[in-house]
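Welcome, and thanks for taking a look at this one with us. Here is a short briefing on its pockets and its nonpolar cores.

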Amino acid sequence: TGNFNLNLEGSASAFATVIPQSISLNNEAKTIFIYVTPSINVNPGKYNLNLIAASGAEVKNINYEVNVINCFNIGITGPSSKELCACNSEQYEFNIVNYGIYQETYQVVVTGAAAQWVSLSQNKITLNAGQSTKVIATLTAPCNIAGRNDFNIVARSLTTNAVASFS
């Protein structure tokens with residue numbers, strides 16, 4: 001019985017809200033709601049959330065564990081290396097998988113010393129959750145080149161912080 005102020009503490013309180021923030025009880029129960037809404041910038045992991053109901057000297061505490069999962073995840077697999085003679089071309093097949101739970105659109109780019117000699121079959125791909133696609137990288141080696149020249153494939157989400165690379 002009494003007027004209770006409701007507050008949240010803990011590492012998840014930055015992305016949680018309790019509604020209402022105060023209640024009056026007279027030997028009864030009332031429903032409250034806690035909304036937990038982590039943004040895409042919150043790192044996956046376990047967070048603590050403590051609900052504190054206080055009325056004067058009377059304080060009640062309920063602890064929760066919030067598990068933020070990685071909803072935006074991508075993977076790339078492909079050949080580890082190939083040998084190529086100067087003045088020749090070689091194709092490298094990469095498999096890009098959306099391991100997240102939402103549809104994502106990715107920008108695919110090439111980096112590294114040999115990037116200027118590589119063309120991609122697709123520079124932008126949209127994948128549903130769990131879907132994969134093949135991207136072909138064609139390396140055309142100049143005639144005056146020798147030695148080891150590596151390149152990397154990087155896929156970066158256009159809307160979230162998901163990124164993967166393969167080298």
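In what follows, Ala, Val, Leu, Ile, Met, Phe, Trp, Tyr, Cys and Pro count as nonpolar, Asp, Glu, Lys and Arg as charged, and the others, Gly among them, as polar. By that scheme, the lining of the second largest pocket has eight nonpolar residues, one polar and three charged. Please keep in mind that this is a predicted model.

**The second largest pocket**
- This pocket has a volume of about 250 Å³.
- Its lining is made up of T1, F4, L6, I23, L25, K30, I32, L51, A53, E58, K60 and I62.
- At least two lining residues come from each of strand 1 (2-9), strand 3 (22-25), strand 5 (45-55) and strand 6 (58-68).
- Strand 6 gives the largest share, three residues.

**The largest pocket**
- The space in the largest pocket comes to about 510 Å³.
- It is lined by 24 residues, and K82, Y92, R148, N149 and D150 are the closest to its centre.
- Strand 8 (89-98) and strand 13 (152-157) are the elements that give two or more residues to this lining.
- The lining of the largest pocket holds 14 nonpolar residues, six polar and four charged.

**The nonpolar cores**
- In the largest nonpolar core, which has 27 residues, I96, F151 and I153 touch the most other members.
- Elements giving two or more residues to this core include strand 7 (74-77), strand 9 (104-111) and strand 12 (132-140).
- Beyond its neighbours within four places in sequence, I153 is in contact with residues including I76, F94, V108, L120, A137 and F166.
- Another core, of 16 residues, lies apart from the largest one, and L6, A16, V66 and V68 are among its members.

Definitions and conventions:
Residues are numbered from 1 along each chain as its sequence is written. This is a predicted model: local features need pLDDT of at least 70, side-chain atom pairs count only at pLDDT 80 or more; totals for chains, interfaces and linings use all residues. Side-chain values use heavy atoms; hydrogens and water are left out. On a 1 Å grid over the protein atoms alone, a cavity is a set of points where a 1.4 Å probe fits but cannot get out, and a pocket is an open set with protein on both sides within 12 Å along at least five of seven lines; lining residues have an atom within 4 Å of a point. Grid points are joined across faces, edges and corners, and a volume is the space filled by probe spheres set on the points. Helices (H or I, at least four residues) and strands (E, at least two) are DSSP runs, numbered from the N terminus. A nonpolar core is a set of buried Ala, Val, Leu, Ile, Met, Phe, Trp, Tyr and Cys residues joined through side-chain atoms within 4.5 Å. Buried means under 20% relative accessible area, exposed over 50%, partly exposed in between (1.4 Å probe, protein chains only). Contact means heavy atoms within 4.5 Å.
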